Structure formats: C-alpha cells, structure tokens
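Colleague: I am new to reading structures, and I would like to go through one slowly with you. Could we look at it together?

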Amino acid sequence: MNAPVKHSADAATVEEGLAIQEEQARFDDDFATETAMSNTLLTPRFYTTDFDELDAIDVSPVREDWDKLIAQMVSDPNKGHFKKNEDWDHVDWDGMDPALKKEFIDFLISSCTAEFSGCVLYKEMKRRGNNDDIVQLFQLMARDEARHAGFINDALREAGLRVNLGFLTQSKKYTYFRPKFIYYATYLSEKIGYARYITIFRHLEANPEHRFHPIFKWFEEWCNDEFSHGEAFALLMKTDPRLTSGKNVFWIKFFLTAVYATMYVRDHQRPAFHKALGVDPDWYAHEVFTKTSELTKQIFPITLNIDHPRWQRTLEALHRANVQIARAKTRGGLGGKLSQMAGSARAAWCFASLYTIPAKKHRVPASTRLEPVY
Amino acid sequence: MGLLTKEIERVPCTVEISHKFESLHAHVRFNDGSVVYPGDEVRVQGPEIMAPFGEIVTEDREAIILRASKLEQLWTRLTGDFEVMELCEFSFSEEVTL
C-alpha cells in the first residue's frame, strides 16, 4: 500500500510543495483506479486428506497410459492458448442487460473460485506427497487451474471487478476428505466440466449470434485441460479395482446423482444467462448428462438412467424444493423456518427418489484412456 | 494434543501470491515443515496481502495454527466427507436468486 502522502502545506519550499502536489495527484489516480473496481472476495476451501494413502498409489498397472498422459501434459499444448488476441472482441458491459450481467459475473466469479480452489487442493497434494508420479501429476494440474483462474480474472478486471485474496489473512479451517471421495468428486467434476464447456462451445459455434462474451471462444482448449485431468483421475482409480467395485459402486452412484442433481438445480437458478446463450437449461442438462455418462463408462461400472420417467420429473421437483427453501430463508420467522424444513424434507425425498432409480450396468473396458471427441 | 483442548502454534511461513495473467494463485508454506491436520485452523498474521496486477509477491509472515482437539479432529475426519461436493465445479454460486 502507498505510504501516507505529506500535505503540500507542510512543504518548506515551493519546489517541495509542487513535488508533493504531484505525488498526491498520482496517488489519487492510483487510488481511484483501484477503488473504482469493486472487490470480489474469493472464498476457496481448504482440505486435507490421507496423504500416506495417496503416496501408496502405484501406477505400474497403467504405466504405459500414465506416461503418455503425463508426457502430453508436460508438453503443455495449451501454453500459448490463454492469451487475449484479436478474437477477444470488445465487451459492452454498460449495454448488457443488468439481469444477464449479474448472472454472468456470478458465473465468472464462481468459475474463478472453482479453478482457484482446485489449484490450492492440487498444490497441497503436490507438496505433501512423496510419490513422484503423484507429485508430478498434481503439480501439472495446479499449473492448469492457476492459468484458468488468471484468464477468468482478466475477464473480471475488464468488467471492473478486482479479486480480493483477503481470505489468506483470515482464519481458515481445514476439513478432511477421504482420498477415494476426492477421486470420485474431482473425476466427475473434471469430466462434467468438459461436457459443460464443450456443449456450450459447439452450440455457440452453430449459433454465433448468441455469443455475448468472447470468453466462450476459449472454451474448446480450456475443456481439453479438464478432459486430461479427468483422464488422470480415471487412471488413478484404475490402479485399484476395489475403488470401482463392491460397496464403492453405491458411492459412485451417490456421487453421480449428487453431481447431476446439483448441476441441474444451479443451472435453473440462472435463467437470464441461459436465455442469452439461447440454451434451454433442460436440454442443456440432458445433453451434458448424456455426454458425461458416455465418458464415465471408461471407469465406472454403472451409469444413471437419465431416460427413466422419474428422472426429469424428480429433478424439476427438486428445483422447486430448492426455491422453496431459499424463499423461506428470506422470509424468516417461525413460518419461514417451518417452510424451510418442509422444503428440505422434500429435497431429501427427491434425492432419495433419484438415487433409487435402477442404474444401468455395463462392462468397463480394459483400456481406460479416451480422447476428447465431442 | 488433548482430547478437548486446543493448542496454539506460531510458525514462520512464506506466502506467495501471483496476480499475473498467466497464473492467479496464492499459497502458504510453513517454513519449519509444520503440517496441518483435519480441523486445524490457520491464520496468517499481518495486514491483507495482494499483489498488484501482473506481479508475484512473496512475503515472510507468521502463521498461527490453532490445533484442533483430538475430539474435533476425529469429528472432522468423520463428517468432512459430507462437504466433498464443494469440489465440484458448477460455475455458479449457491445463491438461488441474484
């Protein structure tokens, strides 16, 4: 931060007075630029896991695929990609519909936080690990996430938003996840992330009039990073068949259901964003689930039956329950509390209903590796 | 570590913040090799840190680690898993309406 500027009335000579005034003007200018930008506090979460278990992973059974994937990540094909070039069109932030602007900025901030949290998690795993294969993988993934976060940050700056890393000097509690939960959740997160980005990218390729911001043009290479990260987690899971068999299949089904349902609910909370893209959120959800299911067949022995008559109906009910909970919270009081409880019970019921739809079983291929083809 | 008591440790740490276009990241490293366990709280002392755009800032600071009690650590290990969904990126905040 700038040191306090001496006031010109304290100057002993005219020269000194002028110098102070000049200094003051420069200070005011910097200050104006900085304060004109609203602060956006990033709030990543902090995790620990069983690092010994992570170190015990032996990638020998998938060594060939592993080395190829790591070599590809080391060669860093996307290194030069995240740069603004002439394709980065001017964005008319002032002319943007306020509802869209709000939702789009929420999208950018959430994406930035997600990339940032991924970076923190991967870096921690890299630092605490002793297994060279694992350490290298997490280092590479942390690199990509930080790069994506930087790119989104730049788009936010253009919109007049400054990220605030104040969380560093605030107290933060470390929570704990079992390694296998990290595999299931991050694997799915990376694969569904790929499916989400590529679906929007292909849609806008066909309908460029809906591309209201240039960042969407970068989604194709962006999601290829997500794809590789997912591949790495698939290979990690492949090293231990117990992770994808027995009672763990119930966990896999739980994660699939939770991830799909959460995505559905969150997307339906952003109508202006989807309208501007010319995307029907129900169509989008189905498209993303179909692609993700196809991809996850590489390692998971089940996929959810998203064409079951109960699926769509229950997702819609879950969305309504979620809206009820939010409204009840705003209302407050005893009535609000009761309505909130009723909403939560409905949401839990919906989730149970989705979870109990019989899953589709299939054989997992001997070779895990896939290439992005969508 | 006590069953119910928390302990406080002060450890030197290095904070690195990159606010560059190529990379936005922030990391805290404990210089003495301290490690955090489930339920521990960490707070870096001193004023807020932020690198100017385009720069990387590295600062030596002191961090306070508030060690979780044995019971709290166990609790965090048992319940932390329920928060695992946070790892998923859905690119929208939890706010239902904006």
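Colleague: At roughly what angle do the axes of H6(A) and helix H7 (residues 219-238) of chain A cross?

Modeller: Before the angle, a word on the source: this is a predicted model, in which local features need pLDDT of at least 70, side-chain atom pairs count only at pLDDT 80 or more, and totals for chains, interfaces and linings use all residues. Residues are numbered from 1 along each chain as its sequence is written, while chains are lettered from A and ligands numbered from 1 in the order in which they are written.

Modeller: Helices (H or I, at least four residues) and strands (E, at least two) are DSSP runs, numbered from the N terminus. Axes are lines fitted to C-alpha atoms, for helices over the stretch in contact, and angles run from 0 to 180 degrees between N-to-C directions. Here the axes of H6(A) and H7(A) cross at roughly 155 degrees and come within 8 Å. Because of that angle, H6(A) is roughly antiparallel to H7(A), a term for angles over 145 degrees.

Colleague: Which residues make the contact of H6(A) with H7(A)?

Modeller: Two residues are in contact if their C-beta atoms, placed from the backbone, lie within 7 Å. Among them are Tyr183(A), Tyr187(A) and Phe201(A) of H6(A), together with Phe219(A), Trp222(A) and Phe233(A) of H7(A). The residues of this contact divide into 15 nonpolar, 4 polar and 4 charged, where Ala, Val, Leu, Ile, Met, Phe, Trp, Tyr, Cys and Pro count as nonpolar, Asp, Glu, Lys and Arg as charged, and the others, Gly among them, as polar.

Colleague: How many residues does each chain give to the contact between chain A and chain B?

Modeller: Chain A gives 50 residues and chain B gives 43 residues. On the side of chain A that touches chain B, H4(A) gives the most, with 11 residues, and by class that side has 20 nonpolar, 17 polar and 13 charged residues.

Colleague: How many bridges join E4(A) to strand E3 (residues 41-44) of chain B?

Modeller: Two strands pair if DSSP finds at least two bridges between them. Here 2 bridges join E4(A) to E3(B), and the strands run antiparallel, with Lys172(A) standing opposite Val42(B).

Colleague: Is Lys102(A) buried, exposed or partly exposed?

Modeller: A residue is buried if 20 or more other C-beta atoms lie within 10 Å of its own, exposed if 12 or fewer, and partly exposed in between. Lys102(A), which lies in helix H4 of chain A, is partly exposed because 17 other C-beta atoms lie within 10 Å. Across chain A, buried residues make up 40% of the 374 residues.

Definitions and conventions
Angles under 35 degrees count as roughly parallel, over 145 as roughly antiparallel, 65 to 115 as roughly perpendicular and the rest as oblique.
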